[in-house]
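Welcome! Here is a short briefing to read beside the coordinates.

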Amino acid sequence: MSREKYLRLGELLIKEGLINAGQLEKIVATQKKEGGRIGEVVVKLGLIREDQLVQVLGKQLGIPYFSLGTGMLKPSTDQGLEKLFTQDFCLKNTIIPLSRTLRSLTVAMADPHDIILIDNMKKITGCDINVDIATRSDILKSIEQFFGKKAMLQEAVEASYDIHAASKQSDDLEY
């Protein structure tokens, strides 16, 4: 097992050369004063970018990091993933289902520490949940793209029925 799993996030950020010990002291002081997680504080202070934080968290937790830029954060379109969770559920929990095989579901999450959410997804889907990590902003964009395309398709289908029904009604009217 990797030694990195046993390092605290601040220590990992120093090891990766993203911050120094003085900056870590400032981060911890800000965290004590304002609350929040170390990762949130370090990004809020502008010391590192969100994607850098998520990459380090992925290393710490031993889970893959996915981003929109790599194309890995695009859900499979032929597996009925949009039926597993609503768009609201995905937005509220900052998750996006990526693929499903038999009784295994791969989900990208902004907070892979949320064990209650993982357990709830397992109960909802009846699948074992495999977690990948991604930035909150990339997941939100992926949700918009994934559900937006489905919504546009649904609206187009509904509109075609409405047009057909409207033309049929006008044909049926007697003058």
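This is a predicted model: local features need pLDDT of at least 70, side-chain atom pairs count only at pLDDT 80 or more; totals for chains, interfaces and linings use all residues.

Residues are numbered from 1 along each chain as its sequence is written, and side-chain values use heavy atoms, with hydrogens and water left out.

**Helix H4**
- Helix H4 spans residues 50-61 and covers 16 Å from its first C-alpha to its last, close to the 16 Å expected at 1.5 Å a residue (1.5 Å times one less than the number of residues; helices are DSSP runs of H or I with at least four residues, strands are runs of E with at least two, numbered from the N terminus).
- Leu53, Val54, Val56, Leu57, Gly58 and Gln60 of H4 are buried (under 20% relative accessible area, with a 1.4 Å probe and protein chains only).
- These buried residues pack against helix H1 (9-15), helix H3 (38-44) and strand S3 (128-133) (contact means heavy atoms within 4.5 Å).
- After H4 comes Gly62, with a positive phi near 70°.

**Cysteines**
- The structure has zero disulfides (pairs of cysteine sulfur atoms within 2.5 Å).
- Cys90 counts as buried because its relative accessibility is 0%.
- Cys127 counts as buried because its relative accessibility is 2%.

**Largest pocket**
- Among the 22 residues lining the largest pocket, Arg37, Glu40, Leu53, Ala110 and Arg136 lie nearest its centre.
- H3, H4 and helix H5 (87-93) are the elements that give two or more residues to this lining.

Methods: Buried means under 20% relative accessible area, exposed over 50%, partly exposed in between (1.4 Å probe, protein chains only). On a 1 Å grid over the protein atoms alone, a cavity is a set of points where a 1.4 Å probe fits but cannot get out, and a pocket is an open set with protein on both sides within 12 Å along at least five of seven lines; lining residues have an atom within 4 Å of a point.
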